[in-house]
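Q: Hi! I have a model open here and would like to chat through a few spots in it. Could you help me out?

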Amino acid sequence: MATATATPGPKLNHIGLPVLEYRGGKSTLCAGCGHNAISERIIDAMFEMGVEPERVMKMSGIGCSSKSPAYFMSRSHSFNSVQGRMPSVSTGAILANHTMTMLGVSGDGDTASIGMGQFVHMLRRNLPMIYIIENNGVYGLTKGQFSATADLGSKLKTGVINDLPPIDTCALAIQLGATFVARSFSGDKKQLLAMLKAAIAHNGTVLLDVISPCVTFNDHEGSTKSYKFMQENDEPINEIGFVASFEEIDVDYNTGEIYDVEMHDGSSLRLRKLHEDYDPTDKAKAVQTLMESNGNEEILTGIFYIDTQKPTFIDLLNVVDEPLATLPESLSKPPKSALDGLMASLR
Ligand SMILES: Cc1ncc(C[n+]2csc(CCOP(=O)(O)OP(=O)(O)O)c2C)c(N)n1
Ligand code: SF4
Ligand SMILES: [Mg+2]
């Protein structure tokens, strides 16, 4: 007689949730857009790290990239701001509740043009947030004009050649104060997933510049942000191994070529050097490496810079432990007698 076998349920993460609970709405972006692949990796990383969806704030600006928070983690909080204004809105949100994990998705146009003024101040403040630039070298949503990250000599579909040098957002971020700076490619599942998991474990500004091809306006011959160009020119500087705090360490690297970093939450980040002498804690060397690679036929990827010691904006402001958002009015608002005293002292 046949015995009934129980169908195994979905795999659960260490807080007991299936990956379904990390999914979002159906994407309305073009099929094959790099941004869709990044959303998938965010879902995987948040699931594997066991982040409680309700403890995440998803932020964005305007662009195809900035639409993508709608396509992951529907249970999280979300704010789609005005073009280029994600950093200031995020600053306010994280100050209101610094116990949340903040993940922002922006575009190269949103960040490196209209949003540049806000972006640089977020970097120098080391605001605790993960800031992802979904970098396709064009303004996808407004039909493919060059953005400020487009490479010199890169060609538009219409044949127009870009005659301005690009802004390297990673070099800028390292120089101005971000404490976790990396570049990846939407088509590199393994590297991007490990990077995102390490980013979740970091406390400070994480800048992830992810080359994310726009299949509709910038994936042709002559483009330096196409799938083909990235497949042929991606040059990783390190191989990333990440072991979450709740997992057993079992990464099979030869010692000597490893750079180990202990993350704030007790997780371990292991970087195996692929470029000789590359030290991810040497700020000047990191900027120099990126500057030297500019204009070469290679796109460096990997974790360029990491500093786990620098105080964040929340530390600098000495914000109370209890989130300002839930602090009772009796503690957040001075009593009338204090105001009267102040006024009297000014007479
Ligand atoms: C204040 C303002 N100026 C201009 C626009 C028009 N606009 C919408 S999206 C966009 C560029 C988006 O490019 P990017 O950030 O690279 O996102 P992508 O669509 O490429 O993902 C622009 C200029 C706008 N929405 N608001
Ligand atoms: S236009 Fe480009 S960036 Fe926008 S959804 Fe389509 S492929 Fe993606
Ligand atoms: Mg873009």
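Q: Which residues are around ligand 2?
A: In this predicted model, the residues around ligand 2 are Leu-29, Cys-30, Cys-33, His-35, Cys-64, Asn-136, Gly-140, Cys-214, Val-215, Thr-216 and Phe-217, where near means a heavy atom within 4 Å.

Q: And how does that shell divide into nonpolar, polar and charged?
A: Seven are nonpolar, four polar and no residue is charged. Here Ala, Val, Leu, Ile, Met, Phe, Trp, Tyr, Cys and Pro count as nonpolar, Asp, Glu, Lys and Arg as charged, and the others, Gly among them, as polar.

Q: Nice. What coordinates the magnesium ion, ligand 3?
A: Asp-108 (OD), Asn-136 (OD1) and Val-138 (O) do, at 2.1 to 2.2 Å. Donors are N, O and S atoms within 2.8 Å of the metal (3.2 Å for Na, K and Ca), and water is not among the atoms, so sites may look incomplete.

Q: Are Asn-136 and Val-138 buried or exposed?
A: Both Asn-136 and Val-138 are buried (under 20% relative accessible area; exposed is over 50%, partly exposed in between, with a 1.4 Å probe and protein chains only).

Q: Switching topic: what does Glu-235 touch?
A: Leaving out residues up to four places away in sequence, Glu-235 touches His-275, Glu-298, Ile-299, Leu-300 and Thr-301 (heavy atoms within 4.5 Å). Glu-235 is partly exposed, with a relative accessible area of 30%.

Conventions
Residues numbered from 1 in each chain as written. Chains lettered and ligands numbered in written order. Predicted model: local features only at pLDDT ≥ 70, side-chain atom pairs only at ≥ 80, totals over all residues. Heavy atoms only, no water.
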